[in-house]
Amino acid sequence: MEIGQRITAALDLDALFETIQEELGRILDARNFYAALYDPENDEVSFVFYVHRGERLTERPKRRGGRGLTEYVLRTGRPLLLRGDVMEQARALGIEPVGSPARLWMGMPMRRGDRVIGMIAVQHEEEDAFDEEDLELLQAIAHYAAIAVENARLYGEVRERLEARIQQLLALNRIWQELNANLDLDHILNLVLDSAMQVTGADYGMILLHDPQHDLLRPRLLRHLTLEHLQARGLDRQRPGEGLIGQAFQTGRVLLVRDVRQDPHYLPGTPDTLSEVAVPIWYGTLVVGVLDLQSRQVDGFREEQIAFLEALAAQAAVAIGNALRLQEEAQRSERYRQRIELMRGMLEVSQALRAERPLENALDAIAHTIRESLGFERVLISLIEGEPPFLRRVAQAGLPLPVFERMRRITQPWRNMQQLLREEFRLGACYYIPYERQPENLADLLDTWTATPTREPRPDPTRWHPEDLLIVPIYGTGGRLLGIISVDEPRDGRVPTRDTAEMLELLASQTGIIIENARLYESLTARIEGLTRLNEASRLIAARLEPGALLEAIAQAAATLSRAAWAAVLGLGPTGAPQIQARFPSEAAPTGPSPEDLLDPAWVDQVWHSGRALYLRDLTEILETEGEGIRSLLLLPMRTAGRTVGLIAVAHPDRGAFDEAEQILLQTLAEQAAVALENARLYEQTRRFSEELEQLVRERTEALEKALTDLSARHRQLELLYQATLALTASLELEATLRQALSLLTEEGETAAAILLDPESGRLQVRAGVVRGAPICSGPRGPFGRTPGWCGTPSASGGRNARRRSRRSACLPPGRTCARSPPWPFPSSWASMCWAFWC
């Protein structure tokens, strides 16, 4: 158990296999040990750890298409133990052994579910160094190693993605700084395209800008392509909707084609292109261009690279828009100065933004930047959250603190705001809603606050009215709406112009990037924390083998991992129906229904038989009741070998509490719990089998002892019979022979008699007897030449005195009637028969 805990606690592969080699070395000779991981997609084996004769080898060779012992274990997924002529035995199995010969080789696959992810092996120069028990030990260690390798892989992937994302964010920040420092359009495009190709490793790239006059997309910048090459194929101008680039521009969505040979919309530009991604470059709500990258590999672009390209395109859109507008309106230098000041303020906000800084603090800094740079006295930033969506006020500048605190406590349905965001109020990407055109029920739709409320008419159509509304949507990548910015009371007192709206739009675009980056970082951090909790939960489960303790550990792990109100584990009961077998906490919650009250048998049967999870986001909608304490319920099957062995149910007081990441973590826990339950079942089965075997051995031992006793008694009887036979053959006197036979056949204290039939009289006569081990005397006369000791007819008289006299006299005179019972303890039926014969 300690070995398993040490192994599963390692999150670094080197440390993991060093621990395995060290722990093996405590039990057996593991000076020749190695570990290999298998990549099924490339059929590649990586020898990640190798110790030869106690020395660690630093080389990490890789092998493809091999047919050695390692590949045999990986291919078959079964343990292999060879001793003696290892090379010859390997060849008999169709294996082509490589490396130094050994007299003993032992290999064990590392499995996760039905997948073989690697193997570990130990070899020795002596063929009797290891046995089957060592193979079982290696199998147990390989099981823990597989869990640790999977954990290390997941941890490494998350860490790699997080580091990659951090590097991308740093690159985006560096690019953003350089973009803001230079308004030359060509320089911006070169920077964007070079950064995109460097991060993605694309083989070809180009940026196309939209020509609104002719409604065409024209290449503005190329990498590893020539304009003549595109002209020869008619790709130097493309209409919106044509090909992948035209579709990306028209739909405003990123188009990723993993294999262009399978896409009918692909327009071939280069003969060796196999995958392509087209990223629209947004400027507010308009697409102004497309960033197109191509790769000579199938599926040449990863998801995190696409996210980087979207963020890069969003930043490039701002810079390209700035440059284009600068080219078109050079005379508006003062307004551009304001824009630069605004960007400088946003840059300061971006630079001040740290990973550990809460998003609300960053948005508060943005609100103050808007107030200082654009001249609005009051700024309010709200985010769209929940389902159904609602507005949550998160940051402000210029509002009285009590007013803002009151507004924070009020839930603002998003559908009410949508009623105001009509096309008639659009100003660029913003919405300006003048006082005169506002709906009469505005107070019922929105919770607003005005410093100087008035219903007086506007004195000048160009002047701002205290009841006017100016709302700026915050868009993320792909045009996804994240929230809104509300501004009020401009310092110049004028209604907003298109230039003002563009600057607000620009700032909202950067706000969207900051929000998405912050949320992405929070998501990655939460995922790391979740994986850490999952690792702790896995160790908690792995430490249990007793079924009851294991079920309680699973319930506790599920509740801890999801921060649920309670968690329950269900299994098959005595009746064959699922029932609750463990829960955490063990005591009932002070509020809300218990698992026994909440879990509907129909839900349980659905999950049990389908093998798929069931997520109930809001129980109040399903049950049509006001739930107390519990609103979200998630049921997960624990499956192994294609069958359901149990269920995990977790409940949470919040609506929609389990997001996709939480569900993945809980499903992973359920899979590990299923394996642990199966291990516990096998352990319990082995323990019961051992107990039954011990009981069977005891029963067989008792049976053998009884048989031995019976044989001893039988042997004694045969020996007595043999002695009696010898006595009979050694004597010719009948009575003496009979007495000798009776003496041999009786134990001390027993009574016996020999009764023979008189052929002349046809009556039975006692010819010899033994009373309590002493022979009975016979008279000198009788029908056979001697008078027997007992004879006569039975008499009704007699009694205790007569019996006493019988005991005192061993013989009776001839012709006397014996008026007493026989002095030996035969059954009464025998006695009556004997009396009748004697008479």
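A: Strands β18 (residues 469-475) and β19 (residues 481-490) run antiparallel and are joined by 6 bridges. Within this pair, V472 stands opposite I485 in β19. Strands here are DSSP runs of E with at least two residues, helices are runs of H or I with at least four residues, and both are numbered from the N terminus. Two strands count as paired if DSSP finds at least two bridges between them.

The model is predicted, so local features need pLDDT of at least 70 and side-chain atom pairs count only at pLDDT 80 or more, while totals for chains, interfaces and linings use all residues. Residues are numbered from 1 along each chain as its sequence is written, and side-chain values use heavy atoms, with hydrogens and water left out.

Both strands belong to an open sheet of 7 strands, with antiparallel pairing and the order β15-β14-β13-β19-β18-β17-β16. Its edge strands, β15 (412-413) and β16 (426-427), each pair on one side only. Strands of a sheet pair through backbone hydrogen bonds, either parallel or antiparallel.

Helix α15 (residues 498-542) lies across β13, β16, β17 (430-433), β18 and β19, and runs at about 40° to β18. Helix α12 (residues 401-409) lies across β13 (376-385) and β14 (390-397), at about 165° to β14. Contact means heavy atoms within 4.5 Å. Axes are lines fitted to C-alpha atoms, for helices over the stretch in contact, and angles run from 0 to 180 degrees between N-to-C directions.
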